[in-house]
Amino acid sequence: NYAVFAQLGSPLDLQTVAASYHGNPGGISAKGIVRSLYLRDAHTVAVPRDVEAGLYHLRVGMAHVKTNEALKVTQADGTQRGAVYLQMVRVLRAAPPDLSRALAAPVIFGDDIRLWHEARPNALVLYWQASQPPRDDYTVFVHVLDRGKIVRELDAPPAQGLLPTSAWEANEIVEDRHSLPSELQRRGYSFAVGLYDLRTLQRVTAMDAISKQRLPADQFIITP
């Protein structure tokens, strides 16, 4: 006898973050399924509140009821896996991020991308908001500065790749955490922050929100 499962998996490490499991698909034992007929088996995958917002893999498969071992599925390239990938699914936050400790940056990137920032002992947390979903996927650059000199570059896609800019919702606040190595976890460093297209390395324009002047090097400097 076989069970059917539906899962959401992280694209970063492929770990399952939410799942639905039917020991009797469609309400009957799999051994009772009639050949050549379709059986409707509806799944609701409940996503825990602590799952980060982002894009996740939706996959389905079958498993032995007694051993819970997934049946192998041959992929198009000949490899075998324990599930079939269907599509990407967008997971939204259960509640907006808490901006009570964040500072609004007087800068506008591109058409209308706003920025808040919060310095924590072990991370620089950025909060992005776009009035409209960006058409392209941008990489975030975070350059650690010591008296104006770059000592470390912490470039990464937003949310470490879970939430590319093209998947943002209009006016959604996106939390983007950049962890600091232990040797950088002290006061005194500044940060140069901005966005760029990884394909061309072209930076997104950064404008001073007050003076409407373009910022040097299209970056915003966060000082301690």
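Two strands are said to pair if DSSP finds at least two bridges between them, the strands themselves being DSSP runs of E with at least two residues, numbered from the N terminus. By that criterion, strand β11 (residues 139-146) and strand β14 (residues 190-196) pair in the antiparallel sense over seven bridges, and F141 has G194 in β14 as its bridge partner.

The model is predicted, so local features need pLDDT of at least 70 and side-chain atom pairs count only at pLDDT 80 or more, whereas totals for chains, interfaces and linings use all residues. Residues are numbered from 1 along each chain as its sequence is written, and side-chain values use heavy atoms, with hydrogens and water left out. The mean pLDDT of the chain, where pLDDT is the predictor's confidence in each residue from 0 to 100, is 93, and 100% of its residues reach 70 or more. Among the elements of the chain, the lowest mean pLDDT, 90, belongs to strand β4 (residues 73-74), and the highest, 98, to strand β8 (residues 107-109).

The pair β11 and β14 belongs to an open sheet of four strands with antiparallel pairing, in the order β12-β11-β14-β16. Because β12 (149-153) and β16 (220-222) stand at its edges with a single partner strand each, one side of each is left without a neighbour in the sheet. Neighbouring strands here are turned by 35° against each other on average, direction ignored; the axes are lines fitted to C-alpha atoms, and angles run from 0 to 180 degrees between N-to-C directions.

Another open sheet of four antiparallel strands has the order β2-β1-β3-β6. Its edges are β2 and β6 (84-91), each with a single partner strand, so one side of each has no neighbour in the sheet. Within it, strand β1 (residues 2-9) and β2 pair in the antiparallel sense over six bridges, and the partner of V4 in β2 is H22.

Between β2 (16-22) and β3 (54-64) runs a loop that contains I33. At 35% relative accessibility, I33 counts as partly exposed, a class that lies between buried (under 20% relative accessible area) and exposed (over 50%), with a 1.4 Å probe and protein chains only.

Strand β9 (residues 113-120) has pairings of its own to follow: it pairs with strand β7 (residues 103-104) in the antiparallel sense over two bridges, with W116 in β9 as the partner of A104. Eight bridges join β9 to strand β10 (residues 123-130), again antiparallel, and a hairpin links β9 to β10 through two residues.
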